[in-house]
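Subject: Structure handover

Hello,

Here is the structure we talked about.

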Amino acid sequence: MGIKMSQARDQKGHIWDADTYQKGRGAEPLLCMHCETTVAHNPPYPKEMYDKPVFVPGYFRLMPKRAHAPNCQHGVDEEINKIAKASEDLIESLEHDKYRLRLVMIQEALGTETSKPKQGDGERAKAGHTYSSSPGLLPAYINSANRVLKLRAMCESNAEMEQHLELVFEGNVSVSWDQFYFDQDRHMHAYHAVSQNTVQHPIALQGQIKSIRYAVQNKPSSNVINLVMNKLRSDPDDSTNGIGLEVSVWSNQPDWFKDFAVDDEVVILGIWKHSIAAPRPAPMQGGRFKTLTNRRLMLNLALKSQISRVEPLKR
Ligand SMILES: [Zn+2]
């Protein structure tokens with residue numbers, strides 16, 4: 001339901017914070033800080049994760065089927081419009097409120113282009129459409145993609161983006177947002193997509209940093225960020241086996257991780273690899289599972305900008 005908001009105002013003009021508001025405290029219905037549309041409150045809550053609960057912040061959101069006024073800074077279309085204008089053609093405008101982003105251009109920017117032959121000087125014709133990518137603009141494409149990802153991270157779900165921004169891959173094949181952007185709750189979906197090879201294009205994972213380790217096993221080129229893991233799931237074929245998923249991002253450049261800290265909320269874009277470890281005995285005796293199996297999603301960064309911090313919610 002639109003972009004999540006950290007504050008709202010009530011009918012008497014009092015301002016309330018999403019993390020401390022309780023239903024009925026203000027003169028409802030509450031309103032957006034910037035336009036007259038009415039908003040609802042989602043309170044904060046602790047969420048059970050692999051080893052400790054995490055705090056999910058509260059937020060205000062649009063009521064169903066409502067929209068922000070034109071030019072309100074919480075309108076998704078308004079924000080996409082701004083990003084598209086500065087995107088060096090990564091995002092093209094199709095019609096009012098509708099845009100298209102080419103994942104091939106992101107793939108090229110990451111240096112992981114597929115082996116399709118190029119036509120002419122970087123210009124390609126695909127099903128009647130022509131676009132050109134310029135090598136000098138590749139970092140700009142990643143920056144624009146990051147702005148899109150940060151916008152998505154501020155939304156409640158993929159549906160808000162899907163409405164306004166179409167994703168296409170090679171040959172103008174349409175890619176759903178659910179196959180491109182995976183928030184914390186959908187990490188296992190990302191694993192399935194990557195391991196079953198249903199996606200060839202770059203995908204984005206959102207999560208919280210659990211640890212940052214430098215020079216792993218004394219190798220200076222071995223540096224890794226691990227994301228907080230979701231709760232173990234029960235193996236459908238063997239209920240005594242717990243299945244976990246580790247998400248890790250590797251870089252041979254330790255400097256690339258210096259801007260990040262444990263607990264930061266980040267989004268990571270790239271071509272992921274997967275692996276699966278053999279089951280091992282569960283460390284706790286008498287627990288729910290006798291054995292644990294770890295699945296892994298891994299990414300080697302080609303560019304520092306593939307990982308970026310999610311911005312805090314705006315008022
Ligand atoms: Zn508004």
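This is a predicted model: local features need pLDDT of at least 70, side-chain atom pairs count only at pLDDT 80 or more; totals for chains, interfaces and linings use all residues.

**Helix α5 and what follows**

Start with helix α5, residues 187-195. Its buried residues are H187, M188, A190, Y191, A193 and V194. After α5 comes N197. The phi of N197 is positive, near 60°.

**Other backbone points**

Two further residues have a positive phi without being glycine. One is N218, at about 65°. N218 sits in the loop between β15 (203-213) and β16 (223-227). With a relative accessible area of 73%, N218 is exposed, because the cut-off for that class is over 50%.

The other is D263, with a phi of about 85°. D263 belongs to the loop between β18 (238-251) and β19. Its relative accessible area is 44%, so D263 counts as partly exposed.

There is also a cis peptide bond, between E28 and P29. Omega there is about 0°. P29 lies in the loop that links β2 (15-17) and β3 (30-31).

A hairpin of six connecting residues takes β3 to β4. The two strands run antiparallel and share two bridges. L31 faces T38 of β4.

On to β7, residues 59-62, which is joined to β4 by four bridges. This pairing is antiparallel as well. H41 has F60 in β7 as its bridge partner.

Why is strand β4 described as largely enclosed by the rest of the structure? Four of the five residues of β4 (38-42) are buried, and that is the reason.

**The open sheet**

Next, a sheet of four strands. The order is β8-β9-β12-β13, the sheet is open, and its pairing is mixed. Which strands are at the edges? They are β8 (91-95) and β13 (174-175), and each pairs on one side only. Helix α1, residues 76-85, packs on this sheet. α1 touches β8, β9 (98-102) and β12. The direction of α1 makes about 50° with that of β9.

β12 covers residues 165-168. β12 pairs with β13 in the antiparallel sense, over two bridges. V168 stands opposite S174 of β13.

**The cores**

A general point before the details: in soluble globular proteins, nonpolar side chains tend to be buried together.

In this model the largest nonpolar core has 37 residues. The members that touch the most others are I91, L101, I106, M161, L165 and F180. Several elements give two or more residues each: α1, β9, α2 (103-109), α3 (138-153), β12 and β19 (265-270). Helix α3 gives the largest share, eight residues.

Look at I91 in particular. Leaving out neighbours within four places in sequence, I91 is in contact with I83, A84, Y99, R100, L101, V148 and L165.

A separate core of 27 residues lies apart from the largest one. Its members include F182, I243, V249 and V266.

**N146 and the cysteines**

N146 is in helix α3. Is N146 buried or exposed? Its relative accessibility is 6%, so N146 counts as buried. Beyond the residues up to four places away in sequence, N146 touches S305 and S308.

Last, the cysteines. How many disulfides are there? The count comes to zero. C32 is buried, with a relative accessible area of 0%. C72 is buried too, at 3%.

**Where to look**

Then go to the cis bond between E28 and P29. Follow β4 to β7 through their four bridges. End at I91, one of the residues that touch the most other members of the largest core.

Best wishes

Conventions:
Residues are numbered from 1 along each chain as its sequence is written. Side-chain values use heavy atoms; hydrogens and water are left out. Two strands pair if DSSP finds at least two bridges between them. Contact means heavy atoms within 4.5 Å. Axes are lines fitted to C-alpha atoms, for helices over the stretch in contact, and angles run from 0 to 180 degrees between N-to-C directions. A disulfide is a pair of cysteine sulfur atoms within 2.5 Å. Buried means under 20% relative accessible area, exposed over 50%, partly exposed in between (1.4 Å probe, protein chains only). A nonpolar core is a set of buried Ala, Val, Leu, Ile, Met, Phe, Trp, Tyr and Cys residues joined through side-chain atoms within 4.5 Å.
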